[in-house]
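Me: I am new to this structure and would like to learn how to read its features one at a time. Could you take me through them slowly?

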Amino acid sequence: MTSRIKKLAPEEAQKISAGEVVERPANIVKELIENSIDAGATHVTIYIEDGGKQLIRIVDNGYGMSEQDAQRCFEHHATSKLTSVNDLQTINTFGFRGEALSSIASVSNVTLITKQKEAAIGTQVTLEGSKNIEVTSAPCTVGTDITIRNLFYNVPARKKFLKTRDTEMRRIANLVHALCLNHINIDFSFFCDGKRLINCPIAHSLSARITQLKNSQYVTNLLPIETTETRGNIRITGMISNHYFFRYDRNSIFFFVNNRWIKNQHLSRALLRGYLNVTPPARFPAAYIFITLDSTDVDINIHPRKEEVTFLHSRTVENALTQAVKKCLEDNLSAHIAPQPQQNFQPIFQAHSTSPITLENNVTHKTEQAFPTPQEFMSASPTNINRPTHTSTLSAPQTFLQPLVKQEIIIEEKKESTFKLLGQLNKTYIIIEKEEGMFVVDQHAAQERILYELFSKRFNDLPTIQLLFPQTITLTKDEISLVEPHLGIFKKSGIEVELFSETQLTVHTTPVHIKHISFEELIRESISWIKEYHTLDSSDFFKAVNEKLHAQMACKAAVKAGGSLDEKQMIQLLNDLEKADNRFTCPHGRPTGWLLSTHDIEKKFKRKT
Ligand code: ADP
Ligand code: MG
């Protein structure tokens, strides 16, 4: 029989922060399953009763323990996995402090039945609060079967802190989910009060495992994500939900770092930043993210239960994640909208030689067809036109937009922009004919995107107007104190806001595009973003609030669904959209257009199969 357990030298043991291993039933379940995984198990069955308070039992088919180890494993700092603190840097197993079993045994009643392959018979060890050890022989199969009963029976103060059966159960279920995701090559079964909740035979892919845990419908809403960041040797893989699938909480977000399930606020925020303007308020994506990087670049030992990590280059990891998410979502939409991959990055609205409407270059970029119309500018009765980077006061309305369209004119002149406009549907959708079929554009979503890109790229060069009557906004003192330090963000986007009294702000200047909007609403929304992002550092905070602000400005300024557009306005909109970055979606993630391919139409009419 092989004896694996060695005692840590006391001084080595001292160096390791003892921490609190056993606080909740879920912590125990985690330690025990990790022991099974470390023991090479391929089958792990978990039984829980009363949220773990009455019973936790883990049965595995790992290599088991010798009779001697079965007794020693409950001693303080008994471990077969580590002999020196230096090993902590490179350790690959999950448990590594030799603390779990001794801590668990000191606050519960434990029965351990275990057998090694080469042993003729197994060993059964019974403990009561680490005492009254009874050791007997037990006929059993290879592996370990450990049962924890009456948790905290001898520490009433701790027992009081346990949450309800359901709460403890949810934590355990969440943990088992995470372990299932992380170890697809292990067959897991999970029973709760006699009912089987999880049945996961060995799976050959992450998506197969998620199907076992959820269902096949759920998986159709997930997209594979993958990226490598050579700086720092970082690799990110996994699956994330698409644009249309959201959860009401964060419970479907899982992070694994070097194969360990971890929680990390910064990573969560980085993930959500990738979904910025995609996720509706108070909704969350589903995400299964696996990050691998050099073990010297990550510290997993900061948390006594090894649930948190710190990265040496946290920014690099977070940025890589945000960018990977953004790209994954964008690629997926492009693929949907332009089904042929080679056309993904070509203009949506391609020249169509037989089209009856030919846009001459000088027609499309005439300023009066841009949104908003010069008539709208005129009706705003501006007393003054502000343009931060231009000192001269502009007087002719059609010149207001010139700096905005200049660049577009150059692009415009390079190509012959012709296509066939079929009309407007429901005063909401613009229908056009393309070579590949019929294209339906959501006019509001399209204009939102156009304006968003405009606001984001030229926010310090937006034509603004001075309001004749400044808008007064009344807020609470708390709200004022939250928003006041950030008034500069509004100013940078052309909205000049001043503190008027302890509870009032006044808006003096606005970009022409949003002069009609309710600034009260916009400021109130901004307060919620400021609250949401206040923990970010200043440059990330600025970026996040700015993005939200521009999305909201674009949304409020964009032509609403239900607005009729004349032919020229539609054409202008389509041309502007074609030139906009990220043109496949509006800033909230809805698609700006859909292609109904000629092939699909022909299939519907049974002309083609
Ligand atoms: P650690 O996992 O940090 O070494 P534990 O207290 O969790 O400390 O376990 C102590 C030792 O008991 C382990 O190192 C291992 O040798 C043995 N052990 C615990 N659980 C199992 C198991 N399921 N199968 C085989 N050996 C186990
Ligand atoms: Mg362990």
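Me: Is cysteine 555 buried or exposed, and why?

Reply: Burial is judged from relative accessible area with a 1.4 Å probe on protein chains only, where buried means under 20%, exposed over 50% and partly exposed in between. Cysteine 555 counts as buried because its relative accessibility is 17%. Please keep in mind that this is a predicted model, in which local features need pLDDT of at least 70 and side-chain atom pairs count only at pLDDT 80 or more, while totals for chains, interfaces and linings use all residues. Residues are numbered from 1 along each chain as its sequence is written, chains are lettered from A and ligands numbered from 1 in the order in which they are written, and side-chain values use heavy atoms, with hydrogens and water left out.

Me: What does glutamine 552 touch?

Reply: Contact means heavy atoms within 4.5 Å. Leaving aside residues up to four places away in sequence, glutamine 552 touches Leu522, Glu525, Trp529 and His588. Glutamine 552 lies in helix α18 (residues 538-557), where helices (H or I, at least four residues) and strands (E, at least two) are DSSP runs numbered from the N terminus. Glutamine 552 counts as buried, because its relative accessibility is 16%.

Me: In what order do the eight strands of the open sheet lie?

Reply: Strands of a sheet pair through backbone hydrogen bonds, either parallel or antiparallel. Here two strands pair if DSSP finds at least two bridges between them. The order is β7-β6-β5-β8-β3-β2-β9-β10, with mixed pairing, and the edge strands β7 (131-138) and β10 (195-200) each pair on one side only. Within this sheet, β2 (residues 43-49) and β9 (residues 187-192) run parallel and are joined by six bridges, and isoleucine 48 stands opposite cysteine 192 in β9.

Me: Which helix packs on the sheet?

Reply: Angles run from 0 to 180 degrees between N-to-C directions, and axes are lines fitted to C-alpha atoms, for helices over the stretch in contact. Helix α2 (residues 25-38) packs on the sheet, touching β2, β3 (55-60), β8 (143-149) and β9, and its direction makes about 10° with that of β3. Helix α7 (residues 206-213) lies across β9 and β10, running at about 165° to β10.
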